[in-house]
Structures are given as structure tokens and as C-alpha cells.
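Reader: I have a structure to read. Please show me how, one feature at a time.

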Amino acid sequence: MSLEKKRSHEKMVISKMIGIYCKGNKHDRKGKKLCSSCSLLEDYSYKRIEKCPYMETKTFCSNCKTHCYKADMREKMRTVMRYSGPRLILHHPILLIKHGYYSRKGKRRIKIMRLERFKIKDIAFLAIMAALLFLTSAVGMPLMTISLFGLRNMAMAIFYGLFATLALMRVAKPGALSLLGFFNGAILIMFSPVMFITMVASAIIAEVIALLIFRSYENKKAVITAAGLMMPLSLPFTVLFSVIMNGDPLSVVLEGDLFIILTSLGTVVLSYLGVILGLKIGKELRKAGKL
Amino acid sequence: MEQLQSSKPLHPLVSLASTIVVLAVGLFYAKHSLFFVYILGFILIYSAFGFGKTAVKALLVFIPVSAVFGLFSFLFQQDFNIALQMAGRVILFGVSALPMVTLPPINLTRALAGLGVPRILTLGMLISIRFVPVVAAEVRRVREAMRTRGVRGSFYRAFVIPVMIRLMNISDTMALSLETRAFSTGKEPVSVYEPVTFKLRDFLYCLVLVMAISSWVVFV
């Protein structure tokens, strides 16, 4: 849409909304014309649209970071929007759908713009947490001797839950868990590329799920979801690699139904136990001014 | 790990590809009667490319470990063949990782930086690999301090919290020193002082690897 076309479209939407408000509130209208107060508001909003510097990229004013309206006009416009917004579905349903779509798109863009860049401090902390994860996950190595699906994942789950929670509490930025998985995988790649893929993929998937639900790590539930899901999500990859690389049929990998249920459930339970422990330690570290 | 590092490592991407291919093909043939010939073959190839000493050092570690794994496997499964396969897999695990283990981590970072991988990733990778021994030493130190003070029981208060606080201090100090040395995570152009290039030795290794793997797949 060209700039001029976009401006006239904006003006049309504003006019329609003010019109609905003016008519609905039985203002002193002269025929189809607006009342003096609404007309004043319409003129003012036209001027704002004319002078808007973000017209090229903007969606709707509610998503804008600059508040260009005067306080009284802003209040008036807010009242108009509040009244006309829901009623728009009766008068101009397509316009309402368009508005909903662009509002959501605009808000998402702002969220992405707010993505804080990772600082050296964050990277250093995540990398050290990855080194600690590698050391603690060594407990799972002797369990390689037992060919029971999910046993190693279960043994390591508590550590992954714990350190991922601490990492996300300190670096509460989208992408932090994926970076932790990547750094952990960077050490593991020296020994086994399979583990690298498993760790990175499960961290990314866990993070995507948490961010799709909660949008950011501001909510504690997002931290709990992401950190708790990381190790359980490695289970499908364990099956996949056992089938592909060891050449074992799926039925052999998953033999012993009860044990598989136990180890899978155990992985989830221990992972979330790690998260709870992580939250507890995090709380103490926060008190000590370290988080 | 530093003791295993070679003075003439292969190109990092060649090492990575070799580790993946040798491990993947090896695991696929783990149940084959000639599996140990496969492992021996690769030890010989590595020796020809100057990793003989490292291979011996690695085998000195991995053979006893594989024996323990095999023994445990035998105790659990009561099957000698499965125990032997398990031991073989452990040795394969160590042998396939040799080109990567002999690689100085800085080479991997340089190669990735040369490929345009974001600095945020290469820097983090380097820190995490380099800090494994540092973190291990720190954990040991806190445990020793715990023992010296005669603390028993209180694992959470006397061990977990001090370790975490120590590691956070280390991470803060390191971040500060990195920033002082003008390291940043931004998109500023950076110099790779010793670019890692693909040499004739790498090409020859690739050739030998491809020939070995393809002849194994065709004839076995």
C-alpha cells in the first residue's frame, strides 16, 4: 500500500469509528455530519495522521511507542475506541478482522524489537553453566551399560532442570535456553555428535514451546516450562538415534513397557524436581544479590 | 584433554565430519563379527596421520572403561556377545572422537568464526570447553573446604550454594575481563589472526576416510 493510500485508509477508519460513537451516543448531529466535539476530534486525528513519521511501518496507534496525542484528545479518542471497537463488528466486520490482525502483528514486532541483546556477562554465565552441566551429566555415563530406554535421560534430568532454571533466572532473555543447549552440545560434540544434536534440538524445542505460550521469560511459569521440558524432550531423540544408529528395531528399543513408562515418567518428575530445586537456589542467590 | 591435543591437528570441519561418519558407520556395524577390525583399521589410519600417540593414550583409558562396561553389561544381560558389543561401542566412542579430541578448541572457534558463525556462539563455545577443568577444580576446592571444616550432612548449604556463588563470581570476573579486552557480542568486524585453512593433509585424510568407509560398506 502506498503511503498516501495508507494515510487515507487510516483517516477512513478513524472517521468510521468516530461516526459510530457520535451516532450511538446521540450527539447533536447535523444530518450525516458529526457533532462539533466529534468533528474537532476528527480534525485533530487527521492532523496527527498527516504528521505521523512512522506511517511507512506503523500498524495501529495503540501499538505505537510515541504518544503524539494531547492528553485530553488521547482520553477522548480512547473513549471513542472503547465504544466503537466492539461495535465495529456490526458495521464493518472486515475492518475489525484487519485491525485485530495488524494489532497482533504490531505487538509481536515490538516484542522482537525489545529482545535485549545478549551481553558478554550473559554468554559467560551460560557457558559456565554448560560446563557445569557437562560435568554433572557424567553421572549418566555408567548407565550406558544398561540398555534400558530413558535411564540415562532420567539420571541426568535433575541436573538439566536445575541448571537450566538457574541459567534462565539470571539470563531471562529469549534464546537463552537454546544457547545453553548449544554450549553444552559444543563440549559434547568432541565426544559424540549425536549428543550435540539431541541437546541442541531439545533445548530449542523446549524454548519455542515456552515462548509460544508465555511470549517471554518475565513470567516465572515460562522458566519452569522451558527448563522442565528440556530433558524430557530429549527422549524422542534417544529413540530416534537408537533406531537409526544402532540399527535396533523400534520394538527392541521400546521393549519392557513398564520400565519405559517408569523411566519416561521419572525423567519428567526428576526434571521438574530439578526445576524446583533451581528455583529454591535461585531465590537464595537472589537474596545474596548474585542473580 | 590438553594432553591429548595434537601439534598438527586436522581442519576442524574435517575432524567433525570424520567423528560423525566413523561413529555412525561403526554403530551401524556394532553387531558385526568384524566390528573390532573396523576399530583397528581406524586406529591405523589415525596413526598414519600422526595421532598414534594420542590413540594409544586414549586406548589406555578406553580399554579398561570398556571392560568395566562390558562386565556390567554381562551382569545385567547374561550374554557374552552383548557384553562384547557394549565394550566395542565404548572403544568406538573413544576412537571416533580422536580427531576432535586432538583438536585445540581455539581451532574450532577460528574455523567457525571464519565461516561467519556469530561471535556470540564461538565465544560461548570456547568458554564452555575451556572452563570444564576450571569448574571441576572449583567443585573439588569447595568439597575440600567442606571436609577441612568437618562439615557433614548439610550438602545443600555447605556445598551447592558455595559452588554456585563461586561460579557466579568467576563468570562475572571473566565477563569483566573480556569486556576490558574489548570483546563484544555485537556485529563489529573482528579479526581472525590465525585463520584455519584447508591443507593438503586434510584433503588426503578425507580421501583415505572416504576410501576406507566405502570399501568397508561394499566388502563387509
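Author: Start with helices. Helices (H or I, at least four residues) and strands (E, at least two) are DSSP runs, numbered from the N terminus. Here, B:Ser66 lies in helix H2 of chain B. This is a predicted model: local features need pLDDT of at least 70, side-chain atom pairs count only at pLDDT 80 or more, and totals for chains, interfaces and linings use all residues. Residues are numbered from 1 along each chain as its sequence is written, chains are lettered from A and ligands numbered from 1 in the order in which they are written, and side-chain values use heavy atoms, with hydrogens and water left out.

Reader: Is B:Ser66 buried or exposed, and why?

Author: Buried means under 20% relative accessible area, exposed over 50%, partly exposed in between (1.4 Å probe, protein chains only). B:Ser66 counts as buried because its relative accessibility is 3%.

Reader: Which residues does B:Ser66 touch?

Author: Contact means heavy atoms within 4.5 Å. Leave out residues up to four places away in sequence, and B:Ser66 touches B:Ala87, B:Val90 and B:Ile91.

Reader: How many residues of chain B are in contact with chain A?

Author: The count is 54 residues of chain B, against 47 residues of chain A. In chain B, B:Phe93, B:Met164 and B:Met168 lose the most area to chain A, together 13% of what that side buries.

Reader: What is the area buried between chain B and chain A?

Author: Buried area is the accessible area (1.4 Å probe) that two parts lose on being put together, summed over both. For this pair it is about 4,500 Å², and carbon and sulfur atoms give 77% of that.

Reader: How many salt bridges are there between chain B and chain A?

Author: A salt bridge is a side-chain nitrogen of Lys or Arg within 4 Å of a carboxyl oxygen of Asp or Glu. Between these chains the count is two. One of them joins A:Arg170 to B:Asp172, with the closest N and O atoms 2.4 Å apart.

Reader: Which elements of chain B give residues to the side that touches chain A?

Author: Those giving two or more residues include helix H1 (12-28), helix H2 (35-77) and helix H7 (155-180) of chain B. H7(B) gives the most, with 16 residues.
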